Amino acid sequence: MDKRVIIIGSGLGGLTCGYILAKNGYRVTLLEQNTQFGGCLQNFTRRGAKFETGMHYIGSMGEGEVLRSFFNYLALLPDVRVRALDRAAYDIISIAGERFPLANGDEPFVETLARRFPRERQHLREYVRVINEVAAGSPLHSLQYVDSMTFLELSHVKRSASEFIDATITDGLLRQVLVGNLPLYAGVKGRTPLYIHAFVNHFYNAGAYRVVGGSDVIARSLVTSIRALGGEARAGARVVKISCDATRATGVTLATGEELRCDYLVSNTHPLRTLELLDTPLIRRSYRERVAGLKNSISNFTLYLHFKKDALPYLNSNLYHYDLPDVWGAGDYDPAAWPGSFLYMHLCSSVDQRYADTAIVMAYMRFEEVARWRGTRVGRRGEEYEAFKRDRAERLLEALERQYPGTRANVEHYYASTPLTYLDYTGTEEGAMYGILRDCTEPSQGVISQRTRVPNLFQVGQNINSHGILGVIIGAIITAGELLGVNEIIKQIKRAR
Ligand SMILES: Cc1cc2nc3c(=O)[nH]c(=O)nc-3n(C[C@H](O)[C@H](O)[C@H](O)COP(=O)(O)OP(=O)(O)OC[C@H]3O[C@@H](n4cnc5c(N)ncnc54)[C@H](O)[C@@H]3O)c2cc1C
């Protein structure tokens, strides 16, 4: 076979799709605008300290579990080392002055929470049963062959996670605890579909892990594999135009003016960015208007902490803290009372780490707070923006200090990023953490097809299927399946096990 595929963007979706197609004989050219591959998998290093930016923990990496099967197929296992988070408390939900550990495994999960909420034991069992049923109902999560391109049970798409939890759990505080890790999916009350909540919680409840040394190893490994399979991966290659003739896409133009031709194109950018690259009557105005009108998920402000050496014990759990009466309301914060909630985690630099080297503290931030600096460039946004960042960083540090007194004194340096940083580094509209918002009240609003009206142009990434390491890999299988057949890829994954 000598079919050439160009992939625009090297986020996890572009890399996974590139790997699958290269492995199956396509000539892949991966084009990344940044100097570093990976999109949200990028890491950065300052004064010798390394920080992850958009992939902090993963799940289901145990023997026979779904992510491990995908990593095996993608030849990632030899390169990616993981360290399990505390199985008795992989996440800790801090709310109403109490801390609630989430434990791995169905029974430990139920029993740990039932100790505090004894009357809810049966309700918790029912909660876990439904979560497992929803996850098992997706053929691609359980590596089953598919007989149609519908991958999700409609009732789970149309039912909201909050309605399901309210109907299953009686205790108001426990309802909050069960959605305490909702920044993992940017949940919105009454809108986030049950399937999103179920996939995420099922995925991490099986087992939760940090990637030792930083999640950028995933991107580096996939790039190396794509090259070894005869593909090309170019960083600093920004695509500024997709060319089409009357019926199909013919190639791309780079910012340097270089033109490249191809048989197939896959875009890993936010759908709005893809449309900006296209000037063809094949794309209808109604489609452009629909995509322009789609709501995006919320963004975040991140504080990157570099600690003094051997000063703070390594925390092998993630802390989700709320100073709010309603966890679901975290995204509707009042800027004057920000942060209101945050997620704190130590990054893992070795399997037997005893002291924390670095950490991140993330808090929701709406794009409107930084919109006035849109169009400015990284490092040149001006003193007002720097002052805004300093103020928010100090507020977040104070909130953290209240939870872990003494932390601040051990911070050697800190850095911060805003929604603008994500917009600039990934192209994701409004710096949205997880791309387009999924909304069960308008199921079609969040559904972006891997197909476009340009028959040989496909889309991949967190806007297809779902976000996160699992959602994006499954989405990439769906996209690569347009050329290879989804069942053929599933067969290869099963055979590799
Ligand atoms: C703060 C944060 C924390 C997260 N934490 C986790 C986590 O702990 N676990 C988890 O599983 N998931 C996490 N996620 C989600 C996960 O990182 C994403 O869902 C996933 O990585 C997105 O992959 P993607 O393929 O959609 O591409 P993206 O990562 O969005 O990458 C798109 C790429 O396309 C490139 N590009 C855009 N336009 C062009 C162009 N014109 N020419 C060339 N290249 C272009 C961009 O530079 C970028 O590299 C997190 C996300 C965020 C933002």
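**Ligand shell**

I sorted the shell around the ligand by class and got 14 nonpolar, 20 polar and three charged residues. The model is a predicted one.

I then listed what surrounds the ligand: 37 residues, with G9, G11, G13, G39 and G461 the closest. Helix 1 (12–23), helix 13 (419–426) and helix 14 (468–484) are the elements that each give two or more residues to this shell.

I also looked up the domains. Domain 1 (4–38 + 60–74 + 215–292 + 448–496) and domain 2 (83–212 + 295–431) each supply at least three residues to the shell around the ligand.

**Whole chain**

I find 15 helices and 20 strands in the chain. The radius of gyration is 22 Å, close to the 23 Å from the globule rule for 497 residues, so the chain is as compact as a globular protein of that length. Along the principal axes, the C-alpha atoms fill a box of roughly 65 × 55 × 45 Å.

I checked burial next: 49% of the 497 residues are buried. Of the contacts with a separation of 6 or more, 70% are between residues 24 or more positions apart.

I picked out an open sheet of three strands, in the order 5-9-6, with antiparallel pairing. Strand 5 (58–59) and strand 6 (82–84) are its edge strands, and each pairs on one side only.

I followed strand 6 to its partner: it pairs with strand 9 (residues 208–211) over three bridges, in the antiparallel sense. Here I noted V82 opposite V211 of strand 9.

Terms used:
Residues numbered from 1 in each chain as written. Predicted model: local features only at pLDDT ≥ 70, side-chain atom pairs only at ≥ 80, totals over all residues. Near = placed C-beta within 6 Å. Helix = DSSP H or I, 4+ residues; strand = E, 2+ residues; numbered from the N terminus. Nonpolar A, V, L, I, M, F, W, Y, C, P; charged D, E, K, R; others polar. Domains from an automatic or database assignment. Rg over C-alpha atoms; globule rule 2.2 N^0.38 Å. Buried ≥ 20, exposed ≤ 12 C-beta atoms within 10 Å, placed from the backbone. Contact = placed C-beta atoms within 7 Å. Pairing = 2+ DSSP bridges.
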